[in-house]
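Morning, everyone. Please look at the model on the screen while I talk.

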Amino acid sequence: MGAVIDLIREDLRGFTGYGSARSEKLQGEVWLNANESAWPSAGDPGDGCRRYPEPQPPELAEALARLYGCVPGQLLIGRGSDEAIDLLVRTLCVPGRDAVVVSPPVFGMYAVSARLQGAPLIEVPLIDGVESFAPDLHALAEIALSRCARLVFLCSPGNPTGNAIALDDIAALARRLQGRALLVVDEAYGEFSSQHSAIGLLGEHDNLGVLRTLSKAHALAGARIGVLAADPALVAALRRCQAPYPVPAPCAALALAALSPEALARTAGRVAEVRSERERMRTALADVPGVLRVYPSEGNFLLVRFADASRAFAQLLAAGIVVRDQRAAPQLGDALRITIGTPAQNDRVLRALSKGTLA
Ligand code: PMP
């Protein structure tokens with residue numbers, strides 16, 4: 001069995017990346033090494049942005065590691081988890097050769113990154129079960145191994161399906177793929193789930209990676225801070241392939257503020273509110289005429305099937321409510337994804353849908 005580092009593209013294994021001025025650990029008082037301005041920006045009275053930022057701000061890395069229950073060396077911080085997805089595909093997949101496996105319907109960026117890299121995309125559809133959607137883990141493993149995939153993406157809780165994948169199943173799949181492929185579990189919505197994070201499995205599986213983000217529960221989508229938690233050797237290799245300064249200083253400051261104990265307590269309160277609203281909406285939507293099915297959800301959204309989804313979409317839009325149309329997604333020709341809003345916004349959704357005849 002190979003080490004996780006063997007999953008990196010052969011041509012990048014000795015790659016040292018760009019040696020930025022910031023990455024040279026020099027001491028001094030007069031900084032004339034990075035062609036920065038000697039004067040503050042006219043638009044930045046606090047002078048917080050004149051210098052290039054730390055590539056991986058240490059204080060933020062510490063705070064994120066505390067939050068996710070790992071060590072800073074296991075974390076790659078980037079411009080949202082989107083950047084980590086792209087970086088994984090570019091660093092692990094040789095174009096035209098190494099495949100990426102996904103289970104649609106699922107978040108679209110895995111396929112987009114694969115396409116941009118010229119990596120073959122293999123789709124193993126989710127199974128629409130009695131309870132909820134679920135991945136076909138046996139088929140995933142078989143196909144990943146027989147088609148020489150380098151990356152398998154699972155989304156838990158799934159977007160847009162809302163299902164969480166049991167940790168035992170994740171561990172079993174990682175074991176089967178050991179030495180052959182990296183299993184990446186995208187936990188963008190992990191805070192809303194009752195299931196523990198797969199980050200707890202990292203110690204036992206060097207071919208496992210977990211994506212987390214501050215964009216959802218932490219309400220910082222505009223700051224673009226996301227992480228990959230993975231084996232430190234893999235993280236170090238990915239850092240060498242990452243853009244020189246991926247974490248803008250104002251974004252790092254916002255993220256740090258959101259990770260203070262007081263802010264985290266407020267966030268936990270919001271998450272509890274979202275979860276309770278999610279269950280209220282699930283029951284209420286199921287009673288709306290014309291609603292065929294509301295899937296259980298571990299995320300901050302609900303996937304809803306309608307007798308006439310285009311009419312439901314139009315009806316919501318006419319009431320000023322914009323939801324995500326899923327009708328182009330495989331298996332979801334009659335579905336909309338509705339994010340959980342404030343209680344008042346959710347009531348508005350119910351009123352809008354109950355107005356006309358959707359049935
Ligand atoms: N993963 C999933 C499942 C998502 O739904 C999203 C955003 N919609 C992302 C990752 C990307 O999140 P970000 O780049 O904001 O961290």
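I will go through helix pairs, then a cavity, then some backbone details.

First, the ground rules. This is a predicted model: local features need pLDDT of at least 70, side-chain atom pairs count only at pLDDT 80 or more, and totals for chains, interfaces and linings use all residues. Residues are numbered from 1 along each chain as its sequence is written, and side-chain values use heavy atoms, with hydrogens and water left out.

Helices (H or I, at least four residues) and strands (E, at least two) are DSSP runs, numbered from the N terminus. Axes are lines fitted to C-alpha atoms, for helices over the stretch in contact, and angles run from 0 to 180 degrees between N-to-C directions.

Start with helix H2 (residues 80-92) and helix H3 (residues 109-117). Their axes are 9 Å apart, at an angle of about 40°. H2 and H3 are therefore oblique to each other. Angles under 35 degrees count as roughly parallel, over 145 as roughly antiparallel, 65 to 115 as roughly perpendicular, and the rest as oblique. Who touches whom? Contact means heavy atoms within 4.5 Å. H2 brings Asp-82, Ile-85, Asp-86, Val-89 and Arg-90; H3 brings Met-109, Tyr-110, Ser-113, Ala-114 and Gln-117. That makes five nonpolar, two polar and three charged residues. Ala, Val, Leu, Ile, Met, Phe, Trp, Tyr, Cys and Pro count as nonpolar, Asp, Glu, Lys and Arg as charged, and the others, Gly among them, as polar.

Next pair. Helix H4 (residues 137-146) and helix H5 (residues 167-177) cross at roughly 20°, and their axes come within 10 Å. H4 and H5 are therefore roughly parallel to each other. Their contact has seven nonpolar, one polar and three charged residues.

Now the cavity. A cavity is a set of points on a 1 Å grid, over the protein atoms alone, where a 1.4 Å probe fits but cannot get out; lining residues have an atom within 4 Å of a point. The volume is the space filled by probe spheres set on the points, which are joined across faces, edges and corners. The structure has one cavity of 30 Å³ or more. The largest cavity has about 70 Å³. Its lining includes Phe-153, Cys-155 and Gly-158.

Last, the backbone. Most peptide bonds are trans. Which kind is the bond from Ser-156 to Pro-157? That one is cis, with omega near -5°. The bond from Asn-159 to Pro-160 is cis too, with omega near 15°. Pro-157 is in the loop between strand E6 (149-155) and H5.

Technical notes. 1 Å grid on protein atoms, 1.4 Å probe; cavity = no way out; pocket = protein on both sides within 12 Å on 5 of 7 lines; lining within 4 Å.
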